[in-house]
Amino acid sequence: MPSQVTDNRNQNQTAKAFTLTSAAWFAGATSLGMIAAGYLIAPDFMANIEYIHFGRIRPMHINAVLFGFVTPGLLAAAFYYIPRLLRTELYSQKLGVLTAIFWNITVAAGLLGISLGYSQGREYAELPWIVDIMVVIAFALVLYNLLLTIQKRVEPILYVSIWYSVAAVVLTACTYCLGNVIWKPDTGALVGIPDAILLWFYGHNIFGLLLTPLALGVAYYVLPIATRSPLYSHTLSLIGFWSLIIVYTHIGTHHLLQVPVPTWLKTISIVDSVAMVIPVMIVLINLWYTVKGKLGDIHADIGAKFIFTGTIYYFFANIQGSMMALPHVQRITHFNNWVVGHAHVGVFGFAGITALGGLYFILPKLTGKPLYSRFLADLQYWLILIGITGFFVVLTIVGLIQGNAWYNGETLYRTLPEIQPYYILRASLGTLIMIGAYLGLYNVIRSLYFNRGTTT
Ligand code: HEM
Ligand code: HEM
């Protein structure tokens with residue numbers, strides 16, 4: 001079971017800064033998502049505002065969720081738990097806070113760049129070149145702080161959460177440069193098929209080597225503490241880590257099964273996508289056995305409740321993902337809303353909800369006071385749970401309608417009236433999620449700065 005050292009409240013500024021960053025961008029990103037959803041219902045909606053038309057608002061939404069909400073949320077927890085697991089203090093709180101400020105400037109500059117039309121036009125790699133450099137610097141600053149913290153540790157054993165979080169930062173700093181073809185500032189791209197292969201190597205690594213390990217690190221830290229249970233197996237935890245690193249790095253080409261890339265590459269990506277069941281189930285068996293019989297404790301701790309829910313979505317995202325990598329399944333599911341449903345289940349249902357759980361778990365420890373409002377946190381939980389589950393159902397249905405229509409040679413425009421009601425449903429569910437995000441932001445701000453709760 002992860003050990004905890006005594007909390008020194010002055011030692012928490014970095015985690016606080018990243019917590020606020022994540023909560024604020026969550027609200028911002030869902031607002032952008034709502035505008036995007038509005039365009040899909042009514043394409044003329046706000047049509048004259050070029051800065052936010054669909055082609056720009058979509059990548060703004062995605063970059064805001066990835067780099068504004070989920071990653072900083074998971075890093076907030078990492079900045080909290082890493083020094084405690086190592087029984088030392090963070091190498092530099094000042095550097096940590098500066099990193100958080102620089103991180104926010106980077107995300108804001110990226111969104112502004114896209115909004116002004118400076119997108120590099122490659123999915124998940126849209127940010128303009130200068131912002132790419134800033135992203136790499138931001139990751140390097142995080143890494144520097146973490147590595148020097150590890151260097152001055154008192155605890156010799158590196159608990160698995162540390163493996164996951166440090167690996168995520170190291171690997172992303174590298175694959176971000178590769179995937180964004182950072183050595184070609186003018187285009188940020190190679191030419192032709194090699195570019196697609198490289199892009200999707202990076203693209204799936206953003207989920208598999210950034211969000212997934214960061215989120216698993218948080219789950220491995222929080223669940224044993226919240227349930228006061230020792231980790232089921234440390235050996236399994238390391239087998240799960242290494243198998244993730246080995247298998248996940250080969251699956252990016254499953255985004256290109258309909259593209260003329262070499263068959264051997266497609267075969268590797270399909271085989272390893274199915275093999276993903278190994279690292280996923282190892283982690284889930286380990287975590288679920290750890291909390292077995294302790295669901296009451298999970299229910300009692302709002303952070304653990306979010307995170308446990310995240311593990312269930314992790315299961316679904318991965319089982320669904322392995323199926324989607326099979327060419328026969330992908331004939332129906334590719335290039336339509338089925339994939340968007342999967343994307344929300346993975347990035348939000350698993351990684352985003354885990355990030356929120358991490359924030360709620362550490363908040364009382366950061367401030368030394370109870371959460372400002374457990375009721376608001378619970379309300380947010382249910383709004384989000386209903387929202388994301390609804391998203392999954394609605395987008396999967398739309399995907400099946402679109403996929404089957406295309407498969408049967410139906411003309412695209414004839415499907416539009418049929419899917420319109422589902423788009424309205426999606427926007428309605430999105431409203432619940434967005435309200436949840438703003439409630440969360442309010443709760444986080446009150447908990448951090450205006451909380452008269454009794455000191456714990
Ligand atoms: C066993 C693990 C997983 C496998 C095998 C898998 C497989 C896939 C496949 C095959 C696609 C492409 C579908 C298509 O274009 O037709 C896809 C898309 C996607 N996956 Fe997964 N997935 C897995 C887990 C996850 C997780 C955990 C996340 C999030 C943390 C995630 C996020 C996404 C996203 C965002 C996309 C959309 C990419 C796009 O914009 O086209 N996946 N996944
Ligand atoms: C108010 C809630 C939200 C709404 C209304 C919304 C709406 C949308 C829309 C309209 C798209 C574009 C889909 C398309 O091109 O057809 C999209 C894409 C995406 N959203 Fe959201 N979203 C919301 C929340 C979130 C959250 C919280 C996350 C992650 C934490 C997220 C992650 C993504 C991702 C990864 C994609 C890319 C999907 C793909 O390329 O397959 N969204 N969203």
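Axes are lines fitted to C-alpha atoms, for helices over the stretch in contact, and angles run from 0 to 180 degrees between N-to-C directions. Helices are DSSP runs (H or I, at least four residues), numbered from the N terminus. This is a predicted model, in which local features need pLDDT of at least 70 and side-chain atom pairs count only at pLDDT 80 or more, while totals for chains, interfaces and linings use all residues. Residues are numbered from 1 along each chain as its sequence is written, and side-chain values use heavy atoms, with hydrogens and water left out.

**First selection: two helices**

Select residues 13-41, helix α1, and residues 93-115, helix α3; they pack at an angle of about 15 degrees, with axes 8 Å apart. The two are therefore roughly parallel (an angle under 35 degrees). Among the residues of α1 that meet α3 (contact: heavy atoms within 4.5 Å) are Phe18, Trp25 and Leu32; on the α3 side they include Trp103, Val107 and Leu111.

Thr367 is found in helix α13, residues 337-367. Thr367 is buried (under 20% relative accessible area), at 11%. Its side chain reaches the backbone nitrogen of Lys369 at 3.2 Å.

Select Arg87, in the loop between α2 (54-85) and α3. Its phi is near 50 degrees, a positive value in a residue other than glycine. Phe335, in the loop between α12 (327-333) and α13, has a phi near 60 degrees, also positive. Is Phe335 buried or exposed? At 62% relative accessibility, Phe335 counts as exposed (over 50%).

Conventions: Chains lettered and ligands numbered in written order. Parallel < 35°, antiparallel > 145°, perpendicular 65-115°, else oblique. Buried < 20%, exposed > 50% of the residue type's maximum accessible area, 1.4 Å probe, protein only. Polar contact = N/O pair within 3.5 Å; in protein donor to acceptor, adjacent residues only side chain to side chain.
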